[in-house]
Amino acid sequence: MAIKRRTFLKLTGLTLLGTAASAAVGNLLTRGEVKAREYTYPPEALTAKRWAMVIDVKKCKEGRDTCYAKCIEACHSIHNVPSIDDKKREIKWIWEDKFEHAFPEQADEHLKELFKDVPFLLLCNQCDNPPCVRVCPTRATFKNKEGIVMMDFHRCIGCRFCMAACPFGARSFNWFDPRPYVKKVNPEYPTRMKGVVEKCLFCYERLAQGKIPACVEACPEKALIFGDLEDENSEVSKILKERVSLRRKAELGTHPSVFYLID
Amino acid sequence: MLEKALVGSKKYWLWVLFLLSIIFIGFLCYLYQFKVGLGITGMSRDVSWGFYIANFTFLVGVAASAVMVVLPYYWHNYKEFGKITILGEFLAVAAVTMCILFVFVDLGQPMRVLNVLRFISPNSIMFYDVIVLSGYLLLNLLCGWTVLHAEYKGTKYPSWLKPFIYLAIVWAPSIHIVTAFLYQGLPGRHFWLTAVMAPKFLASAFSSGPALIVVVALLLKKVANFDAGKKAIDTLSKIVTYAFVTFVLLFLFELFTAFYSGIHSHQAPIKYLFVGLEGHREWVPFMWTSAILAATAIIILVIPALRKNETTLALGCIAVFLSCWIEKGIGLITGGYTPTPFETVTPYRPTLPEIGITLGVWATGFLIMTLLYKIALEVKSSKELIVKYEGVPHKG
């Protein structure tokens, strides 16, 4: 035989190594992305330079007894968020918590007393400088042109580095197959599989259809206000100029796009 | 040379069989996890990393520590380490393999692991960790194997290997620095957000890794008739001593900053680990065990008479290894996630299948180490036999 086993194995190994190396170098040069045609928004789509949300906590408190947190219900049912009855394994995109949990570093006795019965709606802050995007090893989570921190559920490898990086506990992981926990599947939106991370995506899919986010639409008190932070004349910009607002853990420099009106 | 691993005494095969059965149990547990999901572990929404990543972090240190025997031998021409250099390199191979396995078993979607290469993300520290770890594995395998093979053939290792040996030396600290950067650059995790994370990692690595080599060398003297040499053990135990004292000091510096500054968020994780927080005291006994082990180890290692006595030295080194393992394997991760971003406490306890998978990975590492050490020791002892019967000292 002309070719020995040893030589054959060597050649095979080299070929494999070469293929992998060239693929990796090619990837690095193109940053792994095939240049796709620019996405054109449908004419009815709502667009912005930086989407933001303002939450009026007083209004939220006033309506709480009659609205039964419709915002949460709307979001979770539209997005097929499973209802898992286990604090450790639950998945949530938007939820209520106490003032001292939402703003632990501000929570002195007076403020705690003042905000005792005020529900604080928590969701992904859609940070302008998101640490979760920075740490993702596959770019499965990324910031889009409108300032929304997006998730590609199909690319996520489930390493949970983003969960370690998020200072707001906004991300949930599918510890089990979530589908049995989705009561009524909305066929318009994908369900997830086990082993991937998920979170609120500011209803990017609804914005593309010209609809405002589900939670904002569902709120009967109009306690949630949604708009473009970069647009001087938007409702969010106007209201932030007039009223006192807080952002969660602003000192960390992530620049959240969710504001809480506290006056 | 591989054939050397295929013949051995009854004891050798029993040990291999024992490791294989643990690997098998671990593999069954992993199949269960693969089917059901990571929900079979004790991890949660709030403590989203656990035992796997903790052991990964600890073992990166063990892997990096090989440099503590390789560097004096090749860089400073410290001949006494001639016999244990190969132990260091092969320990690194086993440890890095365990690291890679631990990261793999921690993935929620392991089938997509190659996405890390498909979608290269230079902004993610994880990307650099993959590069430095796989590079380090290849370098140690290459250097260790080539040098040993040359010895097997009775020649000196080829000169083209020299640059790789030096590269492996400077590469070693990088794997642990990059691993520390996984943690120390995250906003909002107060326990991790400290610049001494990387130096502390290095100090604990350079004490726990050589401590393991000392214990293994002393053990091999008993079971495999392999003497690393008194001077080599003596020097290595001094390295363990200096590195471990540095590590304990760095830890105390952290305590000073947290408690003298009075910043609550810096104190909370340390309080959780050592005295408990909001009624949660899950890991308090473990952390105090680590502290007592550390104190014992320092007493043994600092007093020359105790350090030079093989029995007490072995005990001291075991204490160093266990103390460092508890600090990284338990303290680092649970401390980082406690309190949660909401200033609450969610306890974490590993489950039985999770421990099974962890033990399986450790057993895989020990199996790799056993096979490689078996080969290395056989090669070395056959060389000694040639010298004994032919009276020709080996040149090399």
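In the predicted model, Arg248(A) is placed in the loop that runs between β9 (245-246) and β10 (258-261) of chain A. Despite this position in a loop, Arg248(A) is buried, because 24 other C-beta atoms lie within 10 Å and a count of 20 or more is the criterion for burial. When neighbours within four places in sequence are left aside, the residues in contact with Arg248(A) are Ala102(A), Phe103(A), Asn125(A), Phe168(A) and Pro256(A). Of these, Phe168(A) is 80 residues away from Arg248(A) in sequence, yet the C-alpha atoms of the two residues are 7.8 Å apart in space.

Chain A comprises 10 helices and 10 strands, and its C-alpha atoms fill a box of roughly 85 × 40 × 40 Å when the dimensions are taken along the principal axes. Of the 263 residues in chain A, 41% are buried, Arg248(A) being one of the buried residues. Where contacts in chain A between residues at least 6 apart in sequence are considered, 65% of them join residues that are at least 24 apart.

In chain B, helix α2 (residues 51-64) packs with helix α4 (residues 85-106) at an angle of about 160 degrees, and the axes of these two helices are 8 Å apart. Since angles over 145 degrees count as roughly antiparallel, α2(B) and α4(B) are therefore roughly antiparallel to each other. Their crossing is left-handed. On the α2(B) side, the contact is made by Tyr52(B), Ile53(B), Asn55(B), Phe56(B), Leu59(B), Val60(B), Val62(B) and Ala63(B), while α4(B) contributes Leu91(B), Ala92(B), Ala95(B), Val96(B), Met98(B), Cys99(B), Phe102(B), Val103(B), Val105(B) and Asp106(B). Classified by residue type, this contact of α2(B) with α4(B) contains 16 nonpolar residues, together with one polar and one charged residue.

Between the two chains, 36 residues of chain B are in contact with 43 residues of chain A. On the side of chain B that touches chain A, at least two residues are supplied by each of α5 (115-118) and α6 (125-153) of chain B, and the largest share, four residues, comes from α5(B). By class, the residues on this side of chain B divide into 16 nonpolar, 14 polar and six charged.

Technical notes:
Residues numbered from 1 in each chain as written. Chains lettered and ligands numbered in written order. Predicted model: local features only at pLDDT ≥ 70, side-chain atom pairs only at ≥ 80, totals over all residues. Buried ≥ 20, exposed ≤ 12 C-beta atoms within 10 Å, placed from the backbone. Contact = placed C-beta atoms within 7 Å. Axes fitted to C-alpha atoms, helices over the stretch in contact; angles between N-to-C directions. Parallel < 35°, antiparallel > 145°, perpendicular 65-115°, else oblique. Left-handed = near helix turned anticlockwise from the far one by under 90°. Nonpolar A, V, L, I, M, F, W, Y, C, P; charged D, E, K, R; others polar.
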